[in-house]
Amino acid sequence: MIILALSSEAKARLLNLLGTLQTLPTTATSTTNNLLNTANSSTNVTELLNTLNTNGLVDTSLITNLLNSTTTNVTDLLNTTTASATDLLNTTTATATGLLNTTTTATTNLLIDLLRLRLLPSLNALRNDLTNRLNQTVQLSTEYETLTGVLLAVLSDYAVLVESDGTMNFVNLSKIETVASL
Amino acid sequence: MFESFLAAELTKRIGTPVEIAMSDGFVEGIITSVTGNLLTILQTVGYGYGTTTTPLTISIPAINFVTFSPVA
């Protein structure tokens, strides 16, 4: 142990310094507690920022700018997402509607064709006979007139006959009375 | 190539001049529309049925044959 000899004046100063040091932590703690209490009692961020600003603890403009840019970015992102989702929904709806319409039309046409075939008098025998004469020169008689030409095609309810001068006839199968090859 | 049914094939040829033979006569005209089993033409020659000023509607099953003349 080192024992120093001190004058009574120096002793008094040391004691004063010690006393000051002992009171310092108490002051700091109370200031922090006050600040915390104020922060806790703040009803929103703005009040907290104001408090911080008033106390000169933080440059609140930085926080405000950060909050503003965050808000702008989030808003932009939300707008973009909403627009994309709307576009996607619109495209999907349009595609689905188109597909449905196409399917409905195709089904309806198929049903109409089937009904027509069902309602037609049995033309299968005539159609087979004519199919065997494809690309031959034939005479087809109808009630109105007899046509002569090359049989080009046989379809569900008509046959295509081309005359020597290039005239094309669509002959109704149900109106054909006689068939002859020349 | 050709459509399976006469009505469908005639639909493809709307605007084309044709001659249409029924059992007891024939008409000349331009196809204006096809609706189900009905064909509508605007007659270009005034014999046969109806007049040239009003459209003529023809039942497709009643047609004997349809004639397309080669392009002159």
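This is a predicted model: local features need pLDDT of at least 70, side-chain atom pairs count only at pLDDT 80 or more; totals for chains, interfaces and linings use all residues.
Of the 182 residues in chain A, 9% are buried. Among contacts in chain A that join residues at least 6 apart in sequence, 39% link residues at least 24 apart.

Helix 3 of chain A covers residues 60-119, and at 1.5 Å a residue its 60 residues should span 88 Å; the C-alpha atoms at its ends are 87 Å apart, which agrees with that expectation. The number of buried residues among these 60 is 0, so helix 3 of chain A lies largely in the open.

**A sheet that runs through both chains**

The strands of the two chains join in an open sheet of 10 strands with antiparallel pairing, in the order 5(A)-1(A)-2(A)-3(A)-4(A)-5(B)-1(B)-2(B)-3(B)-4(B). At the edges stand strand 5 (176-181) of chain A and strand 4 (56-59) of chain B, and because each has a single partner strand, one side of each is left without a neighbour in the sheet. From one strand to the next, the twist averages 40 degrees. Helix 4 of chain A, residues 124-132, packs on the sheet, where it touches strand 2 (146-154), strand 3 (158-162) and strand 5 of chain A, and its direction makes about 90 degrees with that of strand 2 of chain A.

Two of the strand pairings are set out below, one between the chains and one within chain B.

| Strand | Partner strand | Sense | Bridges | Residues facing each other |
|---|---|---|---|---|
| Strand 4 of chain A (168-172) | Strand 5 of chain B | antiparallel | 4 bridges | Phe170(A) and Val66(B) |
| Strand 1 of chain B | Strand 2 of chain B (25-35) | antiparallel | 6 bridges | Ile20(B) and Val27(B) |

**The contact between the chains**

Across the interface, 19 residues of chain B are in contact with 23 residues of chain A. On the side of chain B that touches chain A, helix 1 (6-12), strand 1 (17-22) and strand 5 (65-68) each supply at least two residues, and strand 5 of chain B gives the most, with 4 residues.

In soluble globular proteins, nonpolar side chains tend to be buried together. The largest nonpolar core in this model has 30 residues, and those with the most contacts inside it are Val171(A) and Ile20(B). The elements that give two or more residues to this core are strand 2, strand 3 and strand 4 of chain A, together with helix 1, strand 1, strand 2, strand 3 (38-43) and strand 5 of chain B.

Leaving aside neighbours within four places in sequence, Val171(A) is in contact with Leu140(A), Thr142(A), Leu147(A), Tyr158(A), Ala159(A), Leu161(A), Ile176(A) and Phe65(B).

**A loop residue**

Ser164(A) lies in the loop between strand 3 and strand 4 of chain A. Because Ser164(A) has 9 C-beta neighbours inside 10 Å, and a residue with 12 or fewer is classed as exposed, Ser164(A) counts as exposed. The C-alpha atoms of Ser164(A) and Val150(A) are separated by 7.9 Å, although these residues are 14 residues apart along the chain.

Notes
Residues are numbered from 1 along each chain as its sequence is written. Chains are lettered from A and ligands numbered from 1 in the order in which they are written. Two residues are in contact if their C-beta atoms, placed from the backbone, lie within 7 Å. Two strands pair if DSSP finds at least two bridges between them. Axes are lines fitted to C-alpha atoms, for helices over the stretch in contact, and angles run from 0 to 180 degrees between N-to-C directions. A residue is buried if 20 or more other C-beta atoms lie within 10 Å of its own, exposed if 12 or fewer, and partly exposed in between; C-beta atoms are placed from the backbone. The expected span of a helix is 1.5 Å times one less than its number of residues. A nonpolar core is a set of buried Ala, Val, Leu, Ile, Met, Phe, Trp, Tyr and Cys residues joined through C-beta atoms within 7 Å.
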